[in-house]
Amino acid sequence: MQTTAAKLVNLIRSVVPDLADLPLYLVFASDLAVLSDYIDPSCDAVCGRHLDLELRSHLESRGQWQGRGAAIIARDDVGNGALAGLILHELGHILDASLDLSEPESFSHIERLLEISAAVREFWNQSPTDLPAWFAHEAVWLRNCIHLHARFEAAGMSVPLPLVIPGHYGISSCWKYHAELGDEPKRLERESFATIRNTKPPREFSDLWCRDIRATFLLHSECPPRWAQVCISELEKYTA
Ligand SMILES: [Zn+2]
């Protein structure tokens with residue numbers, strides 16, 4: 001599987017300028033002796049701000065540690081198309097914000113694991129009554145995924161978009177978002193994801209996202225406070 005991982009990492013580096021000079025650790029579940037240290041059996045992939053540090057001894061034992069960087073663990077028993085979809089999904093998260101590689105010295109193993117677990121909970125959606133199903137999969141992430149999907153396709157690796165953006169987030173279909181983003185992936189195909197984050201998306205794309213959020217409100221007459229808070233925060237980003 002090492003060859004597959006290396007090929008994917010090379011492809012990612014070639015289409016994501018933000019990761020061109022940074023270590024990117026792509027670890028397959030089958031290579032981890034104790035997978036449950038990092039990822040629940042029901043979870044297909046995970047990334048996390050300190051996942052590289054959690055994987056450090058594993059990577060060092062294989063001579064692969066190159067310093068702080070981005071990291072993804074993915075199940076590799078899901079088939080090639082699904083695997084690529086999982087990786088693009090996680091990359092969408094990694095590119096949600098600029099990479100923070102600072103590590104407080106006091107940060108404990110447990111704190112790192114809790115941070116990773118928070119990311120894992122996205123998949124389980126363990127608190128459906130507290131947060132909308134789309135939580136952590138907001139417009140920035142959707143946009144990243146559609147750009148990544150287009151860049152992989154242009155590089156000769158076609159990945160079905162629904163494998164990157166699954167349909168269980170209670171929002172419009174990935175193809176609707178794809179349509180509303182229009183030709184932006186082509187226009188910005190050489191730009192970094194930092195530049196994309198700093199560029200306003202097409203109005204149609206933002207409008208679709210806001211309509212989806214409002215629909216979330218309407219579906220829940222007694223919206224929990226945390227739920228309402230994340231909806232308002234998202235609406236404020238795109239209706240200002
Ligand atoms: Zn996710």
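Helices, of at least four residues, and strands, of at least two, are DSSP runs numbered from the N terminus. On that basis the protein chain of this predicted model holds twelve helices and three strands. Of its 240 residues, 34% are buried. Among contacts between residues at least 6 apart in sequence, 74% join residues at least 24 apart.

Just after α8 comes Gly182, which takes a positive phi of about 60 degrees.

Tyr177, a residue of helix α8, deserves a separate description. Is Tyr177 buried or exposed? Tyr177 has 23 other C-beta atoms within 10 Å and is therefore buried, since the cut-off for a buried residue is 20 or more. Leaving aside neighbours within four places in sequence, Tyr177 is in contact with Leu142, Ile146, Ser172, Phe205 and Leu208. One of these residues, Leu142, is 35 residues from Tyr177 along the chain, and the C-alpha atoms of the two are separated by 7.7 Å.

The table gives the geometry of each pair.

| Helix pair | Angle | Axis separation | Handedness of crossing |
|---|---|---|---|
| α8 and α11 | roughly 150 degrees | within 7 Å | right-handed |
| α11 and α12 | about 155 degrees | 10 Å | left-handed |

The axes of α8 and α11 cross at roughly 150 degrees. The two helices are therefore roughly antiparallel to each other, as angles over 145 degrees count as roughly antiparallel. On the α8 side, the contact is made by Lys176, Tyr177, Glu180 and Leu181, and on the α11 side by Glu204, Phe205 and Leu208. The residues of this contact of α8 with α11 divide into four nonpolar, no polar and three charged.

Helix α12 covers residues 225-239 and packs against α11 at an angle of about 155 degrees. That angle makes α11 roughly antiparallel to α12. From α11, the contact is made by Ser206, Trp209, Cys210, Ile213, Thr216 and Phe217; from α12, the contributors are Cys231, Glu234, Leu235, Tyr238 and Thr239. Which kinds of residue make up the contact of α11 with α12? The residues divide into seven nonpolar, three polar and one charged.

## A loop residue with positive phi

Ala136 lies in the loop between α5 (109-124) and α6. Phi of Ala136 is near 75 degrees, a positive value in a residue other than glycine. Ala136 counts as partly exposed because it has 17 C-beta neighbours inside 10 Å, whereas a buried residue needs 20 or more and an exposed one has 12 or fewer.

Terms used: Residues numbered from 1 in each chain as written. Predicted model: local features only at pLDDT ≥ 70, side-chain atom pairs only at ≥ 80, totals over all residues. Axes fitted to C-alpha atoms, helices over the stretch in contact; angles between N-to-C directions. Parallel < 35°, antiparallel > 145°, perpendicular 65-115°, else oblique. Left-handed = near helix turned anticlockwise from the far one by under 90°. Contact = placed C-beta atoms within 7 Å. Nonpolar A, V, L, I, M, F, W, Y, C, P; charged D, E, K, R; others polar.
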